[in-house]
Amino acid sequence: MAADGDIEFTLRRMRAADLAEVMAIERECFPNPWPENTFRGEIQNEGLSHPLVAVAPATGTIIGYVIYWLVQDEVQINNVAVHPDFRRRHVGEAMMNRILEDARAKGGMYAVLEVRLSNVAARDLYERKLGFVFLDIRAAYYTNPTEDALVLGLPL
Ligand SMILES: CC(C)(COP(=O)(O)OP(=O)(O)OC[C@H]1O[C@@H](n2cnc3c(N)ncnc32)[C@H](O)[C@@H]1OP(=O)(O)O)[C@@H](O)C(=O)NCCC(=O)NCCS
């Protein structure tokens, strides 16, 4: 539910013209950012990939993004990020709720994602707020620094 301080945004499909803004956020968010070509591939992969940006209506600024694949009835969430200036205002949570609803409407039955063991913010969002549960651990899945990934899942 929206509360005071929450940010309004619209969610739309990512396009090539968004990449400068998206890459700036990606580089701030991750020690191993995806290369720009990976985002381009997601934009072009219209059958499988759903790359979405959250846009602040007043300014047109991109404040976050989510990329998921719908593979038959499985929703694979591959990237989630919120611009550091807009964090803790429920953008991440609202983006996730919207894409999970959208994916369910398209036939998604189960959502899965990977998260760094030490990523307290993302784990709290996924596990405590959204109800994702532990499925598996992938040892040394991440580099820079090397760390295990938790695989989390949520029936839709
Ligand atoms: C994880 C991330 C997307 C959360 O986005 P956000 O918009 O700041 O999160 P929200 O404001 O929607 O927070 C929702 C809930 O997540 C949890 N949460 C978010 N940030 C947190 C933090 N820094 N510490 C602890 N819990 C946090 C809280 O439960 C929060 O609910 P509350 O504010 O009502 O207590 C954001 O921190 C981010 O972009 N991190 C860097 C990229 C990343 O790690 N992506 C995930 C990869 S798996």
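Which polar backbone atom is 2.8 Å from an oxygen atom of the ligand, and in which residue? Select Val 82: one of its polar backbone atoms is 2.8 Å from a ligand oxygen, a polar contact being a pair of N or O atoms within 3.5 Å (within protein, one must be able to donate a hydrogen and the other to accept it, and residues adjacent in sequence count only if both atoms are side-chain atoms).

This is a predicted model, in which local features need pLDDT of at least 70, side-chain atom pairs count only at pLDDT 80 or more, and totals for chains, interfaces and linings use all residues. Residues are numbered from 1 along each chain as its sequence is written, and side-chain values use heavy atoms, with hydrogens and water left out.

Then go to Gly 92, which has a polar backbone atom 2.8 Å from an oxygen of the ligand. The ligand taken alone exposes 910 Å², and the protein buries 82% of that (Shrake-Rupley method, 1.4 Å probe; for residues, only the protein chains shown count as cover). Show the surroundings next: 22 residues surround the ligand (a heavy atom within 4 Å), and the closest are Val 80, His 90, Asn 119, Asp 124 and Lys 129.

**Two loops**

Select Gln 72, in the loop between β3 (62-71) and β4 (74-82); strands are DSSP runs of E, at least two residues, numbered from the N terminus. Its phi is near 55°, a positive value in a residue other than glycine. Gln 72 counts as exposed because its relative accessibility is 73% (buried is under 20%, exposed over 50%, partly exposed in between; 1.4 Å probe, protein chains only).

Move to Asn 144, in the loop between β6 and β7. Phi of Asn 144 is also positive, near 55°, and the residue is partly exposed at 46%. The peptide bond from Asn 144 to Pro 145 is cis, with omega near -5°. Most residues other than glycine have a negative phi, and most peptide bonds are trans.

**Aromatic rings**

There are four aromatic pairs (rings of Phe, Tyr and Trp, its six-membered ring, with centres within 6.5 Å; planes under 30 degrees apart are stacked, over 60 edge-to-face, the rest tilted). Select Tyr 141 and Tyr 142, an edge-to-face pair with 5.0 Å between centres and 90° between planes. Finish at Trp 34, Phe 39 and Tyr 65, which ring pairs link into a cluster.

Notes. Helix = DSSP H or I, 4+ residues; strand = E, 2+ residues; numbered from the N terminus.
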